[in-house]
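Please read them alongside the coordinates.

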Amino acid sequence: MKAGGGPVSFVQQFYDLSYPEAITRLLDGEQGTVDSSSRKQEKREKKDFALPPASRDIRRIYAYLLKNRLLDRDVVSAFVRAGSLYESCEKFGDREYHNAVFVGKDAHGVARHAHKRSVNSIGKTFRINVEGSDPRCSFHHTGSSDRLYVFEAPIDLLSFLTLYQKGWQQHSYAALCGTAEHAMLWMLEQNPNIRTVCLCLDHDAAGIEANGRLADILREHGYDEVEVLQSEYKDWNEDIKAHHGLHAQEAEEHPQLIVTPEVCGRISACMAECTATNRLERELVYTFQRYERNLRADRVDAAMECIQWASALALTAYGRELRQMGEHRSTEKLLDELQRHILPHRNRGSLKSRRAELTTQLHSILEKASVPGIRSKDEKQDLAKGWLEMAVSFAKVPVKYEADNLQQQQKQEQEESKCEMTMIM
């Protein structure tokens, strides 16, 4: 097992413990206290925000953005004229450092946020938000339409506008300068006319998870018109490179999205042998117990087979409840519904920590199913929903397990490829 971060981190991961529990185990059961000298400063004084000093000209950022990133001059100039983009010049010792500064302003046009990015075409990329920046007021453009486009970084935003220039000024755009939701929600708060939000984050695992998480947040805030736009390659600037016939970094699909259809296919095969009888609950308990025994004995593959059967049984129970309410749904449609509910951003965390959660969830649904008497319509719908949620929770386990294995395999292949390239060179 590989685990970095020292003995505390190792014990946390190996035994699936919280930080205090790991400390206690390392101290042989004695309750430890964190020495004040080793604590991080709890609160630092917040530094007042100030824009980095401007350079006398902006030739470096134009050269970088137009020649290296292939952005459109008119698009870049529009943000320069608006005071949202300039070149900084900062001295450290005897050296001068020039960066592109993407400015975010508040509702009154006052600069509240700045994202610095190096304009070097050689060496490591430097990207940082200026200390004291208000994360709500990041780099953005406000239009008059009811559409908002959301991006991870300012370069992504400008790349998208370069690709899709027609009438771009009428819409609103925001760069999160990361994947947090603050800037997106602030734009919506400032522009109540916006009805449709288009999430345009990177086409990789992190971007896909962020799209899902942000979509959930938007729906919680009452926005039902949420669209996800994905670049053909890894991000919008890579699409520009491909458009110019240059090598572009390929998009990265999320490992969970790759393995989910395979897992659901096996659940489908299990459902073909399931019978929607009153014995489903008893079979489900027995199957789940087998899953736990195999997991404790470190027979992971056997455990995954059991949990897939458990998902099939729960999904069959869901179909049974729907039929009793007069709604007949084919196995194909049930599986499609199952697959749509398995979302990467809702399927995180270690598999070990889920055993207690699954047990609690199973006890809850079995308790509801065992209540005697005639159920009301709401009670029937609640029970059906519970069976679907149970099937999804079970299915998420093998999806996460296989996705983690696939990710590890991909990482190993990348490392081997790098080694081969180094040997050739």
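**Disulfides and cysteines**

1. A search of the whole structure finds 0 disulfides, a disulfide being a pair of cysteine sulfur atoms within 2.5 Å. In general, such a link is a covalent bond between the sulfur atoms of two cysteines. Cysteine 89 is buried at 17% relative accessible area, and cysteine 264 is buried at 4%. Here buried means under 20% relative accessible area, exposed means over 50%, and partly exposed lies in between (1.4 Å probe, protein chains only).

2. On provenance, this is a predicted model, in which local features need pLDDT of at least 70, side-chain atom pairs count only at pLDDT 80 or more, and totals for chains, interfaces and linings use all residues. Residues are numbered from 1 along each chain as its sequence is written, and side-chain values use heavy atoms, with hydrogens and water left out.

**Backbone**

3. Cysteine 177 has a positive phi of about 55 degrees, although it is not a glycine. This residue is found in the loop between S7 and H6, and at 16% relative accessibility cysteine 177 counts as buried. Helices (H or I, at least four residues) and strands (E, at least two) are DSSP runs, numbered from the N terminus.

4. Aspartate 298 is another non-glycine residue with a positive phi, in this case about 65 degrees. Its place is the loop between H10 and H11. Is aspartate 298 buried or exposed? At 61% relative accessibility, aspartate 298 counts as exposed. As background to both points, most residues other than glycine have a negative phi.

**Charges**

5. The structure holds 19 salt bridges, each a side-chain nitrogen of Lys or Arg within 4 Å of a carboxyl oxygen of Asp or Glu. One of them joins the side chains of glutamate 181 and arginine 213, at 3.2 Å from N to O. Glutamate 181 lies in the loop between strand S7 (172–175) and helix H6 (182–190), while arginine 213 is in helix H7 (residues 205–220), so the pair ties together parts that are 32 residues apart in sequence. Arginine 213 is partly exposed, at 30% relative accessible area.

6. Glutamate 337 and arginine 329 form a salt bridge whose closest N and O atoms are 2.5 Å apart. Glutamate 337 counts as buried at 10% relative accessibility, whereas arginine 329 is partly exposed at 23%.

7. In the salt bridge between aspartate 382 and lysine 368, the closest N and O atoms are 3.0 Å apart. Aspartate 382 belongs to helix H14 (residues 377–424) and lysine 368 to helix H13 (residues 354–369), so this contact ties together parts that are 14 residues apart in sequence. Aspartate 382 is partly exposed at 36% relative accessibility, and lysine 368 is partly exposed with a relative accessible area of 36%.

8. Glu281, Arg320 and Glu321 are linked in a network of salt bridges.

9. Which residues form a positive surface patch? Arg290, Arg293, Arg296 and Arg299 do. Patches are made of residues with over 30% relative accessible area and no salt bridge, with like charges joined within 9 Å and nonpolar side chains (Val, Leu, Ile, Met, Phe, Trp, Tyr) within 5 Å. Lys and Arg count as positive and Asp and Glu as negative, while His and the chain ends are not counted. Arginine 299 is found in the loop between helix H10 (280–296) and helix H11 (300–324), and this residue is partly exposed at 45% relative accessible area.

**Pairs separated in sequence**

10. Asparagine 405, in helix H14, is 150 residues from proline 255 in sequence and 9.1 Å from proline 255 in space, C-alpha to C-alpha. Asparagine 405 is partly exposed, with a relative accessible area of 39%.

11. Leucine 358 is in helix H13 and is buried at 4% relative accessible area. Between leucine 358 and phenylalanine 394 there are 7.6 Å in space, C-alpha to C-alpha, and the two are 36 residues apart in sequence.

12. Serine 172, in strand S7, counts as buried at 1% relative accessibility. Serine 172 and leucine 188 are 16 residues apart in sequence, with a C-alpha to C-alpha distance of 9.9 Å.

Definitions and conventions. Areas by Shrake-Rupley, 256 points an atom, 1.4 Å probe, with all protein chains shown as cover. Charge placed at Lys NZ, Arg CZ, Asp CG, Glu CD.
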